[in-house]
4 protein chains.
Amino acid sequence: MALLRTSDGTQIYYEVHGDQSNPPVVILNGIMMSVPSWAGFVPHFSRHFRLILMDFRDQGRSERKDSQYHISIHVDDLTDLIDALEISSANVVGLSYGGQVAEMLAIKRPERVNSLVLANTPARISPYLAELGEAWKEAAELKDGERFFKLAIPFIYSDFFYNRNLQWLKERQKMFKSTLNGEWFEGFIRLISSNPDFNVLEELDKIQCPTLLLGADRDIITPIEEMKAIHERVRNSEFLVIKDAGHGAFLEKPGEFMTAIIGFVLKNC
Amino acid sequence: MALLRTSDGTQIYYEVHGDQSNPPVVILNGIMMSVPSWAGFVPHFSRHFRLILMDFRDQGRSERKDSQYHISIHVDDLTDLIDALEISSANVVGLSYGGQVAEMLAIKRPERVNSLVLANTPARISPYLAELGEAWKEAAELKDGERFFKLAIPFIYSDFFYNRNLQWLKERQKMFKSTLNGEWFEGFIRLISSNPDFNVLEELDKIQCPTLLLGADRDIITPIEEMKAIHERVRNSEFLVIKDAGHGAFLEKPGEFMTAIIGFVLKNC
Amino acid sequence: MALLRTSDGTQIYYEVHGDQSNPPVVILNGIMMSVPSWAGFVPHFSRHFRLILMDFRDQGRSERKDSQYHISIHVDDLTDLIDALEISSANVVGLSYGGQVAEMLAIKRPERVNSLVLANTPARISPYLAELGEAWKEAAELKDGERFFKLAIPFIYSDFFYNRNLQWLKERQKMFKSTLNGEWFEGFIRLISSNPDFNVLEELDKIQCPTLLLGADRDIITPIEEMKAIHERVRNSEFLVIKDAGHGAFLEKPGEFMTAIIGFVLKNC
Amino acid sequence: MALLRTSDGTQIYYEVHGDQSNPPVVILNGIMMSVPSWAGFVPHFSRHFRLILMDFRDQGRSERKDSQYHISIHVDDLTDLIDALEISSANVVGLSYGGQVAEMLAIKRPERVNSLVLANTPARISPYLAELGEAWKEAAELKDGERFFKLAIPFIYSDFFYNRNLQWLKERQKMFKSTLNGEWFEGFIRLISSNPDFNVLEELDKIQCPTLLLGADRDIITPIEEMKAIHERVRNSEFLVIKDAGHGAFLEKPGEFMTAIIGFVLKNC
């Protein structure tokens with residue numbers, strides 16, 4: 001639990017868990033997440049990893065900014081963080097938006113990435129994803145956690161998960177209601193506005209490190225076909241699919257999610 | 001283009017196309033649709049069918065009601081219509097919400113259904129579908145066609161369709177903006193509120209007529225698995241799947257949609 | 001039930017069913033089939049079509065040849081047949097090997113094809129298909145219908161079909177045992193040897209007529225992905241998928257098979 | 001590299017790799033495999049595991065028996081082996097036939113299994129699998145490695161793998177030709193004859209240890225649907241799917257295979 005002041009003076013919140021001698025693993029959040037989203041994973045991951053969690057600017061306990069930025073700014077923040085932690089080469093796990101940041105890091109700073117896991121991650125903002133972004137912005141403008149949950153979350157979790165975990169989802173809806181405030185929504189809108197032009201498809205061949213694609217068969221945000229396009233362009237990448245899960249696979253099927261990540265990182269360390 | 005006054009005095013709009021000697025086919029709209037949604041299909045269907053299109057109460061040019069009703073009320077309206085048209089036994093094609101009405105008719109009045117096509121149709125409102133209904137109600141409460149389009153439509157058409165037809169979708173968004181008014185939204189909310197308890201799974205074995213399930217592989221509203229549950233319960237039913245299409249398959253892939261319906265109805269007449 | 005003598009003097013067996021005024025539909029057999037394989041379909045198809053069935057040379061009651069030929073020879077035989085029947089432009093339905101012949105006809109003689117249905121059909125003999133051909137030749141060399149059935153048929157019907165129709169399959173195995181003789185196996189080997197170099201992928205853009213791809217989700221001989229490659233190259237083609245069926249979909253799911261073909265042909269006549 | 005004499009006096013070949021202090025992992029072969037099939041995996045697995053490989057009786061360097069046995073006999077052999085190695089509770093990874101043995105061990109001797117990985121494994125011999133067994137017996141009776149390869153192997157590897165690795169497969173075919181002898185085929189026939197009545201579906205709820213199902217989306221021998229039936233019956237089991245691979249996924253996609261196994265075992269140790 002610490003704060004880093006980045007080169008441009010922004011405060012970034014991060015946590016480090018696990019033994020210093022374990023392989024360093026940085027996990028990058030999806031757009032609606034923050035460090036506490038990983039609470040259930042910390043005990044497992046920290047047994048095997050030196051686990052580094054961080055909030056992007058405009059997420060969680062990191063600083064909120066008034067002005068718009070491009071998603072690539074997080075690559076600089078992340079580089080500052082791994083510099084500060086004296087990690088020469090990290091194992092980077094990115095989820096969705098965090099996966100986009102991970103892709104950019106692996107392309108621009110290949111020497112800093114030992115291995116890469118892209119979970120439910122796109123290589124481009126397709127027209128569909130851009131429209132989904134518009135829908136989410138529209139929902140965020142209401143600045144009401146409950147209505148935001150109702151409007152945005154059915155895109156994220158699969159019907160399969162809704163049909164089996166309705167009570168949990170209702171609890172979560174209440175939590176959104178009580179915790180998401182105006183600041184949160186403004187940060188969220190900046191985050192979502194940071195990447196409409198994101199497209200690294202043609203640069204993926206620069207990724208040389210061992211790479212795992214981790215998809216989910218009911219994910220409509222980053223569907224299997226989009227992830228397969230990454231798999232075909234990243235040399236020797238692996239591709240595992242979690243069954244009966246949506247874009248929120250890490251929460252819908254945490255066991256499978258951890259199995260794949262622990263196995264892939266340890267195999268490559 | 002005519003109006004029927006039903007037994008309970010409600011005005012129902014309907015159209016009849018094609019030769020009187022052709023087999024009678026009634027098409028039942030999805031929840032956001034109305035008779036003009038079928039404009040592109042009329043020339044094709046009316047070559048083979050005596051085609052009957054209708055708006056449910058609270059849709060299109062049918063009467064709007066002040067008070068809430070149950071989805072089963074449409075079964076009575078529909079029966080009144082086929083009585084008035086002196087059709088002893090119709091071929092009924094239902095799409096989504098219209099498919100639910102078609103299921104109820106085939107269960108309650110089997111003698112009036114010669115064959116049945118259930119396109120992108122559920123047999124129950126699953127918890128996921130109920131939450132989607134809540135999302136759509138929330139979006140409708142904004143009473144703004146453009147925002148409604150942005151929030152609700154990405155559930156309906158597949159990413160595949162968005163990625164190839166963005167311009168058409170943007171035109172449509174404008175049309176929603178200019179045509180959906182307060183009355184429309186109120187009707188829509190009543191329609192969506194008419195079926196949270198809908199579940200005919202255990203009555204499907206009463207359907208004896210030839211039945212075609214027509215699904216789409218990227219439909220997240222009535223996914224293949226839910227339609228397979230219908231297929232397994234309706235004796236000798238057929239099941240065809242449209243590739244690379246979502247819940248709006250009839251519009252995403254009109255060719256496949258017509259092929260399946262024309263073939264199935266003519267085979268069974 | 002008639003014999004045609006083709007331009008090169010080969011006797012081709014064919015049958016014509018249904019009213020002369022119906023649209024002409026020619027159905028082309030898969031490699032192990034012959035005219036009687038369609039017996040169950042004739043009553044249905046002949047209500048709507050002027051149905052023409054034929055055996056390729058080396059199939060059924062057509063002449064068996066001593067020497068090897070190329071698959072394209074069937075295009076000439078087929079052209080002779082539709083000439084003799086004075087059909088200026090036919091609706092052509094090809095199944096697997098028959099679909100390959102149909103593709104070649106539509107490419108070389110587009111004016112003779114009004115519409116095209118390619119059921120479980122490849123556009124090329126992939127390395128996998130070539131090896132499967134080798135396996136089948138190996139099995140045919142045993143010249144024993146029962147052993148041939150055991151070795152070759154599990155590639156054709158899906159596990160789904162085996163698990164529900166074992167008794168029927170066992171009966172069929174007996175039929176293979178009693179009816180497949182040395183001549184049959186020699187003809188089969190020539191048929192399978194006629195197309196190792198078959199590849200029309202780059203010519204598919206010449207197909208201009210309405211085209212339906214009809215696939216099956218458990219078909220390992222002509223899997224969905226291979227048929228999708230055809231779909232993407234044939235302008236405005238339609239693609240329907242039969243659920244829970246293998247390469248033998250026409251027999252596993254005859255209802256769906258007929259629905260798609262009747263609908264597609266009648267829509268385009 | 002050692003031999004164990006089991007309670008009934010049969011010689012079982014096994015190997016132990018990796019540090020004694022690592023978690024013990026026993027890998028059980030598929031029916032056509034033997035210890036050397038894992039050669040490429042030993043360096044990776046032995047970094048993390050105390051890796052135990054073994055040949056079932058009638059496989060590789062284990063003793064060949066004249067008389068028929070039931071598949072359950074391997075459970076006794078395996079128990080003898082883990083007793084001899086003084087492993088109180090092993091992590092057991094079974095592939096296909098080996099997975100069936102692993103299931104039986106976990107059901108009968110739950111105290112001896114710490115965690116379980118079932119890769120491309122059935123819970124019952126379906127009618128389809130039984131017929132496939134008949135096909136393979138038929139192919140084995142020819143006692144010719146090359147013809148056996150041609151007839152049996154296209155069921156195992158996916159079309160995807162054939163289309164990209166034909167040369168490797170041709171080399172392998174030669175290897176089959178030169179190494180499979182009469183003894184091998186007799187052993188293989190006994191192995192395949194040992195399990196036509198295998199069905200543990202109704203006993204799967206006895207499996208209490210952490211369990212990973214590892215399937216492949218083009219596997220026609222143990223298709224995803226059959227493995228899903230296991231997933232639904234084994235409490236809290238995980239299910240990961242390897243994309244674009246067949247029943248031979250361990251060889252088609254060794255990276256994904258190792259990632260899943262290393263991650264799952266280490267997470268549960």
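C:V241 is found in strand 8 (residues 238–242) of chain C, where helices (H or I, at least four residues) and strands (E, at least two) are DSSP runs, numbered from the N terminus. With a relative accessible area of 5%, C:V241 is buried; buried means under 20% relative accessible area, exposed over 50%, and partly exposed in between (1.4 Å probe, protein chains only). Not counting residues up to four places away in sequence, C:V241 touches B:F239, B:L240, B:V241 and B:K243 of chain B, and C:G215, C:A216, C:D217 and C:I224 of chain C. A contact here means heavy atoms within 4.5 Å. C:V241 and C:D217 are 24 residues apart in sequence, and their C-alpha atoms are 6.5 Å apart in space.

This is a predicted model, in which local features need pLDDT of at least 70 and side-chain atom pairs count only at pLDDT 80 or more, while totals for chains, interfaces and linings use all residues. Residues are numbered from 1 along each chain as its sequence is written, chains are lettered from A and ligands numbered from 1 in the order in which they are written, and side-chain values use heavy atoms, with hydrogens and water left out.

The loop between helix 9 (224–233) and strand 8 of chain C holds C:N236. At 71% relative accessibility, C:N236 counts as exposed. Its phi is near 55 degrees, a positive value in a residue other than glycine. Most residues other than glycine have a negative phi. B:D58 also has a positive phi, near 75 degrees. B:D58 lies in the loop between strand 4 (50–54) and helix 2 (73–84) of chain B and is buried, at 3% relative accessibility.

In chain D, the loop between strand 4 (50–54) and helix 2 (73–84) contains D:R61, which is partly exposed at 46% relative accessibility. Beyond four places in sequence, D:R61 touches D:L3, D:Y13, D:E15, D:P36 and D:D55. Another loop residue of this chain, D:N120, lies between strand 6 (113–119) and helix 4 (127–141). D:N120 is buried, with a relative accessible area of 2%. Its contacts, again leaving out residues up to four places away, include D:L95, D:S96, D:D219, D:M227 and D:H247.

Next come the helix pairs. Helix 2 (residues 73–84) and helix 3 (residues 97–108) of chain C pack at an angle of about 75 degrees, with their axes 9 Å apart. Axes are lines fitted to C-alpha atoms, for helices over the stretch in contact, and angles run from 0 to 180 degrees between N-to-C directions. These two helices of chain C are therefore roughly perpendicular to each other, on a scale where angles under 35 degrees count as roughly parallel, over 145 as roughly antiparallel, 65 to 115 as roughly perpendicular and the rest as oblique. Helix 2 contributes C:H74, C:V75, C:L78 and C:T79 to the contact, and helix 3 contributes C:Y97, C:V101, C:M104 and C:L105.

Helix 11 (residues 254–267) of chain A and helix 11 (residues 254–267) of chain D pack at an angle of about 110 degrees, with their axes 7 Å apart. They too are roughly perpendicular to each other. Among the residues that meet are A:M258, A:I262 and A:F264 from chain A, and D:M258, D:I262 and D:F264 from chain D.

Helix 9 (residues 224–233) of chain A has seven of its ten residues buried, so it is largely enclosed by the rest of the structure. The buried residues are A:I224, A:E226, A:M227, A:K228, A:A229, A:I230 and A:H231. They pack against helix 3 (97–108), strand 6 (113–119), strand 7 (211–216) and strand 8 (238–242) of chain A, helix 6 (159–164) of chain B, and helix 11 of chain D.

Some chain pairs make no contact. Chain A and chain C are not joined by any, and their closest C-alpha atoms lie 12 Å apart. Chain B and chain D do not touch either, with their nearest C-alpha atoms 12 Å apart.

A disulfide is a pair of cysteine sulfur atoms within 2.5 Å, and by this rule the count over all chains is zero. B:C209 is in no disulfide; the nearest cysteine sulfur, that of B:C269, is 11 Å away, too far for a bond. B:C209 is buried at 11% relative accessibility, whereas B:C269 is partly exposed at 38%.
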